[in-house]
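Please keep the sequence and the structure in view while reading.

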Amino acid sequence: MDDHSDTVDALVDLLELEGHEVRSAVTAEHALALAEQFEPHVVVLDIGLPNMDGYELAAHLRFKVEPSCVFIAATGSGAHADILRSKKAGFAAHLTKPINIPELLALVAPDDLMIGQ
């Protein structure tokens with residue numbers, strides 16, 4: 001979800017307290033491998049990833065998850081063009097950092113999710 005692992009850990013803890021089963025990935029490769037073992041209903045992806053951006057990772061993940069899986073973009077870029085690009089890429093929502101927690105909780109309830117950082 002974020003380039004900082006402590007931020008991801010805190011978000012995972014919060015979502016687990018809300019009753020979600022959560023998995024987090026530290027790299028795009030880890031997220032792809034994780035998708036082989038865990039079938040999320042929601043995937044939250046940081047768009048600005050180091051080796052593979054969130055758009056490319058989402059395209060790869062779509063082959064590994066159920067077609068009904070919802071993708072949520074999480075990014076520091078909230079310009080109109082960024083929001084349009086994420087919608088065009090198939091993201092159901094575009095959250096700008098810092099993430100509005102009540103908004104995220106409304107989007108993921110009551111599904112299990114995977115967070116890509």
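## Terms and basis

A residue is called buried if its relative accessible area is under 20%, exposed if over 50%, and partly exposed in between, using a 1.4 Å probe and protein chains only. Helices (H or I, at least four residues) and strands (E, at least two) are DSSP runs, numbered from the N terminus.

The model is predicted: local features need pLDDT of at least 70, side-chain atom pairs count only at pLDDT 80 or more, and totals for chains, interfaces and linings use all residues. Residues are numbered from 1 along each chain as its sequence is written, and side-chain values use heavy atoms, without hydrogens and water.

## Strand β2

Strand β2 covers residues 42-46, and five of its five residues are buried. In a regular strand, side chains alternate between the two faces of the sheet. On one side of β2 are Val42, Val44 and Asp46, on the other Val43 and Leu45, and all are buried.

Over five bridges, β2 pairs in the parallel sense with strand β3 (residues 70-75); pairing requires at least two bridges found by DSSP. Val42 stands opposite Val70 in β3.

His94 belongs to strand β4 (residues 93-96). Its relative accessible area is 13%, so His94 is buried. Its C-alpha atom is separated by 9.7 Å from that of Val44, 50 residues apart along the chain.

Two polar contacts (pairs of N or O atoms within 3.5 Å; within protein, one must be able to donate a hydrogen and the other to accept it, and residues adjacent in sequence count only if both atoms are side-chain atoms) involve the His94 side chain: one of 2.8 Å with the side chain of Ser86, and one of 2.9 Å with the backbone oxygen of Ser77.
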